[in-house]
Amino acid sequence: LGGRGIAGDPLERVLPLTDAPPQGRAALLLLDVSGSMVDLMDELTDATARLLRHFGPDDRVAYVPFSSRPADGSGWQRAAEARWNLHSLSAGGNTFLGPALLEAERLLHEVTGERRLFVISDGKWKDRDDPALAQRLAGLGGIHRAALFVQEDVPAESKALFPVSITAKDDLAAALE
């Protein structure tokens, strides 16, 4: 016995059949809405929708758009109830991942259980070569980190910052393991 998709069954209380952590999962999505993403907003929306389909209904999800600094996001919601109008986001400005990571740290420390951070972007962050950015990412101990890039032409420095770096066209299973 075992596997995904049986959560909620009465037997689950005595013999857990899923691989869900006891305190649940929480996933924060940092969405790049900088000027370099102007022509990629449809790809960002599609990649986000594809990623959301992989979460269980009780997983908690939130998003924060960012360019030079983070903007107001969605707040934590159950994945089954998340109804985000990402088409209302507009792109513009420079891209700095560092300030968005500060907000990500704050938000991810509000939740318990398995925590995940996904950055959905083209990877053209102005601070990608900054050692402080690499240190900040490395300091996110206990938080699974992945970058989901919306195009193929991604700077190698950006890919190197994440344990998992995939493009939106790849199988998303690698980002979710």
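What share of the 177 residues of the protein chain counts as buried? In this predicted model, the share that counts as buried is 46%. The protein chain exposes about 9100 Å², and carbon and sulfur atoms supply 49% of that area. Among contacts between residues at least 6 apart in sequence, 70% join residues at least 24 apart.

The secondary structure of the chain consists of five helices and six strands. Along the sequence, these elements follow the pattern β-α-β-β-α-β-α-β-α-β-α. The six strands form an open sheet with mixed pairing, in the order β3-β2-β1-β4-β5-β6. At the edges of this sheet are β3 (77–78) and β6 (164–167), each of which pairs on one side only.

Strand β1 (residues 25–32) has a partner on either side: it pairs with β2 in the parallel sense over seven bridges, and with β4 (residues 114–121), likewise in the parallel sense, over seven bridges. Towards β2, L29 stands opposite Y63; in β4, the bridge partner of L29 is F118. For L30, the bridge partner in β4 is V119. Eight of the eight residues of β1 are buried, so the strand is largely enclosed by the rest of the structure. Both of its faces are covered, with R25, A27, L29 and L31 buried on one side and A26, L28, L30 and D32 buried on the other. Together with α1 and β2, strand β1 makes a right-handed β-α-β unit.

Strand β4 shows a corresponding pattern of burial. Eight of the eight residues of β4 are buried, and the strand is therefore largely enclosed by the rest of the structure. From β4, residues E114, R116, F118 and I120 point one way, while R115, L117, V119 and S121 point the other way; all of these residues are buried. Besides its pairing with β1, β4 pairs with β5 in the parallel sense over seven bridges. One of the bridge pairs here joins S121 to F149 in β5. A right-handed β-α-β unit is made by β4, α3 and β5.

The helix of the unit formed with β1 and β2 is α1, which spans residues 41–52 and contains T48. With a relative accessibility of 0%, below the 20% limit, T48 counts as buried. Leaving aside residues up to four places away in sequence, T48 touches L29, L31, W84, L86 and I120. Two of these contacts, L29 and L31, belong to β1, and I120 belongs to β4. The C-alpha atoms of T48 and L31 are separated by 8.5 Å, although the two residues are 17 residues apart along the chain. The side chain of T48 also reaches the backbone oxygen of L44, at 2.8 Å.

The loop between β1 and α1 contains S34. This residue is buried, with a relative accessible area of 0%. The side chain of S34 makes a polar contact with the side chain of D32, at 2.7 Å; D32 itself is one of the buried residues of β1. Residues up to four places away in sequence not being counted, S34 touches F66, S67, A91, G92, G93, N94 and T95.

Helix α2 (residues 97–108) has twelve residues. From its first C-alpha to its last, α2 reaches 16 Å, close to the 16 Å expected at 1.5 Å a residue. The buried residues of this helix are L97, G98, A100, L101, A104, L107 and L108. The elements that cover these buried residues include the strands β1, β2 (60–66), β4 and β5 (143–149), as well as helix α3 (131–138).

How values were computed: Residues numbered from 1 in each chain as written. Predicted model: local features only at pLDDT ≥ 70, side-chain atom pairs only at ≥ 80, totals over all residues. Heavy atoms only, no water. Pairing = 2+ DSSP bridges. Helix = DSSP H or I, 4+ residues; strand = E, 2+ residues; numbered from the N terminus. Buried < 20%, exposed > 50% of the residue type's maximum accessible area, 1.4 Å probe, protein only. Contact = heavy atoms within 4.5 Å. Polar contact = N/O pair within 3.5 Å; in protein donor to acceptor, adjacent residues only side chain to side chain. Expected span 1.5 Å × (residues − 1). Areas by Shrake-Rupley, 256 points an atom, 1.4 Å probe, with all protein chains shown as cover. Right-handed = clockwise from strand over helix to strand, strands pointing away.
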